[in-house]
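Hi,

Here is the structure I promised to pass on. Have a look at it first, and my notes follow below.

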Amino acid sequence: SIKGAEKALEYEVAKSHKMFEDALEASGLDYTIIRPVGFFSGLNDLAIMAKRKVIHIVGDGHAKTNSIDQKDLAKVVVSVLREGPKIKEVGGPLIHTRREMAEMIENRIGGKIIEVPEKVAEWGMFLPELVDDDISAKLKYF
């Protein structure tokens, strides 16, 4: 699943994960639901933006996350495979702000960090609905 699936039901991405969780819980099967935070590979989007010379961050960039590497997540999955808790939230060992992540990308690739006011980001996430529902759902959750 994803971290926060139970709290962000107004977003299609989180809602679909929570619906699957609910179906799994109702199935009668033994299960462990793993809710990871974002992956380090998600930074690829920031790298792509940096190559285009702009790195957008929403708001002041002080929101924090502890991205996890897929290999580390795989280790967690194996560790709870036989007898895990019903729900396990996992993240990486290091906590970074969104600004710190953008600065790491800026220092490595280049580009300029641009703060996008939260209201502008909220308005902008509705524009893709005119083109693609899937992109719109992902932007809303982001």
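Some ground rules before the rest. This is a predicted model, so to speak of local features I needed pLDDT of at least 70, and side-chain atom pairs count only at pLDDT 80 or more, while totals for chains, interfaces and linings use all residues. Residues are numbered from 1 along each chain as its sequence is written, and side-chain values use heavy atoms, with hydrogens and water left out.

**The chain as a whole**

The secondary structure comes to six helices and six strands. Helices (H or I, at least four residues) and strands (E, at least two) are DSSP runs, numbered from the N terminus. From that end on, the elements run α-β-α-β-β-α-β-β-α-β-α-α. The chain has 142 residues, and 28% of them are buried; buried means under 20% relative accessible area, exposed over 50%, and partly exposed in between, with a 1.4 Å probe and protein chains only. The accessible surface is about 9800 Å², with 58% of it belonging to carbon and sulfur atoms. Those areas come from the Shrake-Rupley method with a 1.4 Å probe, and for residues only the protein chains shown count as cover. If you take the contacts between residues at least 6 apart in sequence, 73% join residues at least 24 apart. Contact here means heavy atoms within 4.5 Å.

H4 has twelve residues, and its end C-alpha atoms are 16 Å apart, which agrees with the 16 Å it should span at 1.5 Å a residue. (The expected span is 1.5 Å times one less than the number of residues.) Met 101, Ala 102 and Ile 105 are buried in H4. Seen down the helix axis, the buried residues fall within an arc of 100°, so they line one face of H4; the arc is that of the directions from the helix axis to the C-beta atoms. These buried residues pack against H2, S2, strand S3 (64-65), strand S5 (96-97) and strand S6 (112-116). After H4 comes Gly 110, with a positive phi near 110°.

The largest nonpolar core has eight residues: Leu 46, Ala 50, Ile 55, Ile 57, Met 101, Ala 102, Ile 105 and Ile 113. A nonpolar core is a set of buried Ala, Val, Leu, Ile, Met, Phe, Trp, Tyr and Cys residues joined through side-chain atoms within 4.5 Å. Helix H2 (43-51), strand S2 (54-58) and helix H4 (98-109) each supply at least two residues of this core, and H4 gives the most, with three. A second, separate core has seven residues, including Val 37, Ile 68, Val 80 and Val 90.

Leaving aside neighbours within four places in sequence, Ile 57 is in contact with Arg 98, Arg 99, Ala 102, Ile 113, Ile 114, Glu 115 and Val 116. Thr 97, in strand S5, counts as buried at 13% relative accessibility. Not counting residues up to four places away, Thr 97 touches Gly 61, His 62, Ala 63 and Lys 64.

**A loop residue**

Most residues other than glycine have a negative phi. Lys 53 has a positive phi, near 80°. You'll find Lys 53 in the loop between H2 and S2, where it counts as exposed at 57% relative accessibility.

Helix H1 (residues 12-26) has 15 residues and reaches 21 Å from first C-alpha to last, close to the 21 Å expected. Its buried residues are Ala 14, Lys 18, Glu 21 and Leu 24. Down the axis of H1 these fall within an arc of 120°, so they line one face. The face turned away from them carries the exposed residues Met 19, Phe 20 and Ala 26. Just after H1, Gly 28 has a positive phi of about 90°.

In strand S1 (residues 33-36), Ile 33 and Arg 35 point one way and Ile 34 and Pro 36 the other, and all are buried. S1 runs parallel to strand S4 (residues 87-90), with four bridges joining them; strands pair if DSSP finds at least two bridges between them. Arg 35 stands opposite Glu 89 in S4.

Cheers
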